Amino acid sequence: MEHAQSAISPPQSSEEAFSQIATAPGDLPTPQQQLRLTSQTHQFRHDNTIVPLAPEPEKPVEVWATSGTGMPLHRAAIFYTTDGSLPTLDSQSLPMTEETVDWQVSVGYLTRWRAEIPGQAADTVVRYRIGGWQTGEPDGAEPTVWAHDGQGFHFADPNAVTVFAYSVETARSPLPHWMADAVIYQIFLDRFHPGTEDGRFTGPSGPRERHGGTIEGVRRALPYLAELGVTCLWLSPLHPSETYHRYDTIDFFHVDPELGGNEALVALVNEAHAREMRVLLDFVPSHASWHHPAFLAAQQDRTSPTHSWFTFDEWPDKYRSFLGVSTHLPTFNTQDEGAREYLIGSAVHWLEEYGVDGFRVDHVIGPSMDFWVAFHRAITQAKADVVAFGEATDTPDSLRRYRGRLHGILDFPLARALRSTFAAGTWGVGELDSFLDAHETYMESGPGRVSFLDNHDMERFLYLAGGDTARLKLAALCLFTLSATPILYYGTEVGLSHSVGFGDGLGGDSEARRDMIWDPGEWDRDLLVFFQGLIRLRRDYPALQH
């Protein structure tokens with residue numbers, strides 16, 4: 001039977017629009033990527049470029065940095081520690097050699113600096129800074145410039161991130177073993193299930209209002225999810241906040257009472273585990289609500305212990321915020337030890353006290369790699385088979401650098417390719433085949449990958465495909481037979497979609513966050529049976545898992 005919320009074909013979009021076919025808030029747009037490249041002319045940069053990407057025990061690691069003609073250097077050196085402490089001028093040091101000079105269009109000449117840090121024991125964390133002495137400046141003991149991180153949005157600010165880190169790996173695979181045959185189901189809590197007997201929503205229905213989904217609703221849906229065949233649940237943010245989406249956290253250590261509070265999460269995790277399902281939380285360490293107590297204290301008192309958790313350009317009302325425009329989302333200074341302890345401590349809290357199995361991590365191109373190494377180390381010490389995969393909306397060369405900093409990344413390049421091929425039809429099979437050959441080879445040495453067709457930040461696949469479920473089936477078949485761990489966005493399996501695009505109505509991205517269908521009479525049963533079979537295929541055949 002045709003489901004109630006059938007989609008219609010979206011209007012023809014330009015090639016530029018389809019280049020944004022798989023994006024998220026915080027995506028680094030092409031002009032910014034180009035500016036990041038050309039900025040090298042007048043910068044001393046270390047873009048977390050190490051060789052190999054996955055350092056092995058007792059083997060040396062090459063560290064590379066670049067300086068442009070607008071930042072001429074005559075000397076450079078690395079200062080590093082292996083005990084987890086912050087590197088200083090008194091730390092171990094190594095001179096860098098001027099290895100080569102390259103020329104690039106729009107950049108000009110770039111000097112490549114190289115040093116080799118000696119091999120370290122397994123599980124060692126190496127933290128380092130790279131100092132440079134500018135040509136024509138007094139050659140004192142202290143560098144005249146520190147290399148800064150040119151990845152993500154950091155490239156424009158030479159003072160944003162100047163401390164780097166990597167860890168020495170022991171495992172051959174970056175992902176825990178259970179992720180090989182996992183099928184993840186993404187749940188947007190406010191719109192999934194209200195906990196009623198029939199699952200119907202009876203509260204407010206506006207696009208920005210809370211519709212009333214609860215954690216108890218997820219628990220009631222476990223029999224349905226078990227029959228579907230999924231093995232892991234990804235829950236959208238569940239902390240107290242002021243919005244329906246809850247990406248503006250006020251308290252990182254409690255569950256929003258409107259979702260059922262801490263007790264509801266305990267009950268869900270226990271029953272999910274009894275059904276051999278794992279539970280992941282959506283973790284948002286890059287920013288918080290402007291009503292978070294730590295930020296309010298920082299605004300009210302410059303001597304507050306939490307003042308340094310945030311970056312004030314002009315105290316108290318001009319501060320760094322998400323994307324530089326969302327003043328209601330002040331950005332954490334994750335280089336600050338107090339902020340790091342708070343954020344990482346909250347993640348460990350949910351692992352140790354509630355038994356969750358890991359995290360989907362929001363906007364990972366915000367915090368530094370030094371932060372992610374510390375985060376990765378803390379959560380793996382708390383739980384051996386934990387997983388953390390990040391929303392890294394950046395170029396493939398940047399995504400590869402998360403190896404050893406996070407277990408995995410969400411594969412946005414693959415999502416863009418599958419949506420362009422099967423939904424929009426702007427790619428042919430040949431283009432997809434060429435992409436897959438190159439992408440799989442290029443990303444092999446990077447972090448683990450978690451794949452998807454759509455999510456809460458993008459128009460649903462079925463909408464882009466004009467409601468054509470045959471296209472959805474083809475795309476899903478491709479997704480589930482590739483190497484990355486697949487995610488199924490809630491409702492996709494029963495035909496949940498929307499009738500207008502994000503820019504065509506008042507709902508915006510809430511169009512992709514519509515209430516889950518719980519009336520079996522409104523399900524696309526043929527689609528549901530297809531996904532049940534596809535999930536079973538993925539789980540039954542090791543060749544599709546490895």
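Predicted model: local features only at pLDDT ≥ 70, side-chain atom pairs only at ≥ 80, totals over all residues.
1. In general terms, the strands of a sheet pair through backbone hydrogen bonds, in either a parallel or an antiparallel sense.

2. Strand 13 and its two partners. On one side, strand 12 (residues 232-235) pairs with strand 13 in the parallel sense, over four bridges, and within that pairing C232 has R278 of strand 13 as its bridge partner. Strand 13 (residues 278-283) is also joined by four bridges to strand 18 (residues 358-361), and these two strands run parallel as well; here L280 is partnered by G358 of strand 18. Strand 13 is largely enclosed by the rest of the structure, because five of its six residues are buried.

3. The largest pocket. The space in the largest pocket comes to about 780 Å³. Two elements give two or more residues to its lining, namely strand 15 (318-319) and strand 16 (321-322). The lining is made up of 30 residues, and those that lie nearest the centre of the pocket are H154, A160, R320, S321 and T331. Divided by class, the residues of this lining are ten nonpolar, 15 polar and five charged.

4. The largest cavity. Searching the whole structure gives three cavities of 30 Å³ or more, and the largest cavity holds about 90 Å³ of space. It is lined by 15 residues, with Q151, G152, I365, M369 and Y402 the closest to its centre. The lining of this largest cavity consists of six nonpolar, six polar and three charged residues.

5. The second largest cavity. For the second largest cavity the volume is about 40 Å³. Its lining is divided into eight nonpolar residues, one polar and one charged; among the lining residues are L453, D454, F480, Y489, T492 and F531.

6. Helix 11 and its ends. Helix 11 (residues 412-424) is mostly covered, with eleven of its 13 residues buried; the buried residues include F412, P413, L414, R419, F422 and A423. At the N-terminal end the helix is capped by D411, which has a side-chain oxygen 3.1 Å from the backbone nitrogen of L414. After the helix comes G425, and the phi of G425 is positive, near 75°.

7. Cis peptide bonds. Two bonds deserve a look in the model. The peptide bond from V51 to P52 is cis, and its omega is near 0°; P52 is placed in the loop between strand 2 (50-51) and strand 3 (61-68). The bond from W315 to P316 is likewise cis, with omega near 5°, and P316 belongs to the loop between strand 14 and strand 15.

8. N48, a residue other than glycine, has a positive phi, near 60°, and lies in the loop between strand 1 (44-45) and strand 2. The relative accessibility of N48 is 0%, so this residue counts as buried. E58, also a residue other than glycine, has a positive phi near 65° and is found in the loop between strand 2 and strand 3. For E58 the relative accessibility is 55%, so this residue counts as exposed, given that the term applies over 50%.

9. The loop at S308. S308 is placed in the loop between helix 7 (293-300) and strand 14 (312-314). Its relative accessible area is 32%, so S308 is partly exposed. S308 and T334 are 26 residues apart in sequence, and their C-alpha atoms are 9.7 Å apart in space.

Methods. Residues numbered from 1 in each chain as written. Heavy atoms only, no water. Buried < 20%, exposed > 50% of the residue type's maximum accessible area, 1.4 Å probe, protein only. Polar contact = N/O pair within 3.5 Å; in protein donor to acceptor, adjacent residues only side chain to side chain. 1 Å grid on protein atoms, 1.4 Å probe; cavity = no way out; pocket = protein on both sides within 12 Å on 5 of 7 lines; lining within 4 Å. Points joined across faces, edges and corners; volume = space filled by probe spheres on them. Nonpolar A, V, L, I, M, F, W, Y, C, P; charged D, E, K, R; others polar. Pairing = 2+ DSSP bridges.
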